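User: I am new to this structure and want to learn how to read it. Can you take me through it step by step?

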Amino acid sequence: MSSVWQYLTLGLDRETFGIDIEHVHEILDYREVSALPQAPDFLIGMIDVRGQSYPVVDLRTKLGLPRVPATPATRIILLNIPMEGRAMRVGFVADRVFEVTELDSGELEAAPEVGGRWRSSYIAGIGRKGDAFVVVFDLAALMAGESPALLVPARAA
């Protein structure tokens, strides 16, 4: 039985990732973030959006990729992630946002346990969009995890 679900696709480095659209609140152009003292490397600070505070995570750093300067394509994706019985508000900085796309959740493949580039515990599955792969995040595991998601060091561009 087919169960098609919508995902926001975004680009980091040369890869495409997906976030379940039900967790996406809003997508913003990149803006300056107020720094937080003694925050983990991946937490670049806070922003205020219409009276709501959002901690902002550099998704590249969280995944173990090198940090890069913002470009005109850089976006902040505001999310509500279910964590321990409540919704955690957070913003993810992505290199670019592509589109909302449909993937058949019944056809999502499990993340490879061996030989993959990404820590499988942070991945809900891997889908296909045409000839490209879409790595779908398990947002709760990604936010709860202490280790970078990248298993294999990134090559210099």
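Analyst: Start with pairing: two strands pair if DSSP finds at least two bridges between them. Strands (E, at least two residues) and helices (H or I, at least four) are DSSP runs, numbered from the N terminus. In β7, for example, R89 is the bridge partner of N80. This is a predicted model, where local features need pLDDT of at least 70, side-chain atom pairs count only at pLDDT 80 or more, and totals for chains, interfaces and linings use all residues. Residues are numbered from 1 along each chain as its sequence is written, and side-chain values use heavy atoms, with hydrogens and water left out.

User: How many helices and strands does the protein chain have?

Analyst: The protein chain has two helices and 10 strands. From the N terminus on, the order is β-β-β-β-β-α-β-β-β-β-β-α.

User: In what order do the five strands of the open sheet lie?

Analyst: The order is β3-β6-β7-β5-β4, with mixed pairing. β3 (24–29) and β4 (43–49) are at the edges; each has a single partner strand, so one side of each lacks a neighbour in the sheet. From one strand to the next, the twist averages 30 degrees. For such angles, axes are lines fitted to C-alpha atoms (for helices, over the stretch in contact), and angles run from 0 to 180 degrees between N-to-C directions.

User: How many bridges link β6 and β7?

Analyst: Nine bridges link β6 (residues 75–83) and β7 (residues 86–94), in the antiparallel sense.

User: Which strands pair with β1?

Analyst: β8 (residues 96–104) runs antiparallel to β1 (residues 4–12), and eight bridges join them. There, T9 stands opposite E99 in β8. β2 (residues 15–20) also pairs with β1 in the antiparallel sense, over six bridges. Y7 has D20 in β2 as its bridge partner. β1 and β2 make a hairpin with two residues between them. In that turn, D13 has a positive phi of about 60 degrees.

User: Is F92 buried or exposed?

Analyst: Buried means under 20% relative accessible area, exposed over 50%, and partly exposed in between (1.4 Å probe, protein chains only). F92, in strand β7, has 0% relative accessibility, so F92 counts as buried. H23 sits in the loop between β2 and β3. H23 counts as buried too, because its relative accessibility is 15%. Across the protein chain, 41% of the 157 residues count as buried.

User: What does F92 touch?

Analyst: Contact means heavy atoms within 4.5 Å. Not counting residues up to four places away in sequence, F92 touches several residues, including I19, V57, L59, R75, I81 and M143. F92 and R75 are 17 residues apart in sequence, yet 8.1 Å apart in space, C-alpha to C-alpha. Leaving aside neighbours within four places, H23 contacts L78, L79, N80, P82 and L139. Among contacts in the protein chain between residues at least 6 apart in sequence, 59% join residues at least 24 apart.

User: Which residues of the largest nonpolar core touch the most other members?

Analyst: In soluble globular proteins, nonpolar side chains tend to be buried together. A nonpolar core is a set of buried Ala, Val, Leu, Ile, Met, Phe, Trp, Tyr and Cys residues joined through side-chain atoms within 4.5 Å. Here the largest core has 27 residues, and I81 and F92 touch the most other members. Elements giving two or more residues to this core include β1, β2, α1 (59–63) and α2 (139–144). A second, separate core of 10 residues includes I47, V56, L78 and V93.
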